Amino acid sequence: MSRQRERQSTEGQQHFRSSRRVEKLCHPPSDGSLATEMASECGDRCTLINIGQSFEGREMKVIKITSNSSTGNKSAVFVEGGAHAREWISPVFVNNLIYKLIIEYGVDSSVTLMLDNYDWYILPLVNPDGYQYSHDSERYWRKNRATTIFRDCVGVDLNRNFPSFGMSDPVYSKHPCEDTYGGPFPGSEPETKNLVKFLLGVDKLHVFLSFHSYSKMILIPWSHKMKPTTHHSALKTAGMAAANAMEAANGGKWVVGLAGELLSYNAAGTSLDWAYANTEAKFVFTFEMPPSRSPPGFVLPESSIKSVVDTTWPGVTTLIKTIINTPALEDKYFVSKGSSKGKDMCYCEIIFMLLFTFCYI
Ligand SMILES: [Zn+2]
């Protein structure tokens, strides 16, 4: 690194590490202003992309972070946080991820590797309305703040609203008063629509990461049924590498597997399943961040925030390094962009074709 670059980096770090910045990183506001500030201070490596508004009109801002080198041929990583309002550690971690990618490029070898290999698109707060409501009124609020057919029952669970498989399954709620209400129809919510539209426009999306809490699990698809995907082995291997790295960093034991295996329930309409089925990304993971149990559950003590961020970080760097070293996953069952059909349909079609051929030859 040149001396001038070194000085710029140091000045940047001092600025970023002001007490006000640390406070905002631990308590990110719902208006997206933290990502806006960081993007404006990061120079031409960062671009802020407004992907639309939430139900209550808050802007949803994706920050794109690149390296200094040409970005023409790079694949992309997408990271989302804050889909569930009460899981405050999720947007905290994702904002810290943005911060590290901005200030530690050219300083930390892992960050440099991650940015030299990928362009990063990061949305720290998928559900800004619910997040604000969780701060103002109900700490354990989960859904967005959309009105429903019942005046007294507000909100849709955004992580049950993606137009993926299993929306007809009984594993997401059709009742507006329940916490896992999947909405009047798949993809009904403005937050989901904005994200789906944006992700379908990202070229060469290779990795999709979603951050939730709690339980110290790394979930891999499928989540709507207890059945592995064709890429299960590669996903499990990469997930285990991340889990081992977090344990080595004193983050305790993490487990890796299907939602149905680890949580004892399947979940339909998740961003995880949707991303796997409808985008080029086959390396898709949901981190259920610490703690492992309740209490403290969703209400992590202030004193734990730093250690959770610090011990989760090696999981992300190790995961990305493992993916970089894994050959591209075959995508023979990929469904065209925008289609709500899935791989099950492809399997059926293949079986039908085989039967048809067998019967008529
Ligand atoms: Zn969640």
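Lys64 has Tyr121 of E4 as its bridge partner. The two strands involved, E2 (residues 59-65) and E4 (residues 118-123), pair in the antiparallel sense over 3 bridges; a pair requires at least two bridges found by DSSP. Strands (E, at least two residues) and helices (H or I, at least four) are DSSP runs, numbered from the N terminus. This is a predicted model, with local features needing pLDDT of at least 70 and side-chain atom pairs counting only at pLDDT 80 or more, while totals for chains, interfaces and linings use all residues. Residues are numbered from 1 along each chain as its sequence is written, and side-chain values use heavy atoms, leaving out hydrogens and water.

Zooming out, 8 strands make up an open sheet with mixed pairing, in the order E1-E2-E4-E3-E5-E8-E6-E7. The edges go to E1 (46-53) and E7 (255-257), each with a single partner strand, so one side of each has no neighbour in the sheet. On average, neighbouring strands are turned by 20° against each other, direction ignored. Helix H4 lies across E1, E2, E3, E4, E5 and E8 (283-289), and runs at about 145° to E4. Axes here are lines fitted to C-alpha atoms (for helices, over the stretch in contact), with angles from 0 to 180 degrees between N-to-C directions; contact means heavy atoms within 4.5 Å. H7 (residues 190-200) also packs on the sheet, touching E1, E2, E3, E4 and E5, and its direction makes about 135° with that of E1.

His84 sits in the loop between E3 (75-81) and H4 (89-103) and His212 in E5 (residues 205-213), so the pair ties together parts 128 residues apart in sequence. Both histidines, His84 and His212, are buried (under 20% relative accessible area; exposed is over 50%, partly exposed in between, with a 1.4 Å probe and protein chains only).

Finally, the structure holds 2 disulfides, a disulfide being a pair of cysteine sulfur atoms within 2.5 Å. One joins Cys42 to Cys46, and both of these cysteines, Cys42 and Cys46, are buried. The other joins Cys153 to Cys177 (S to S 1.9 Å).
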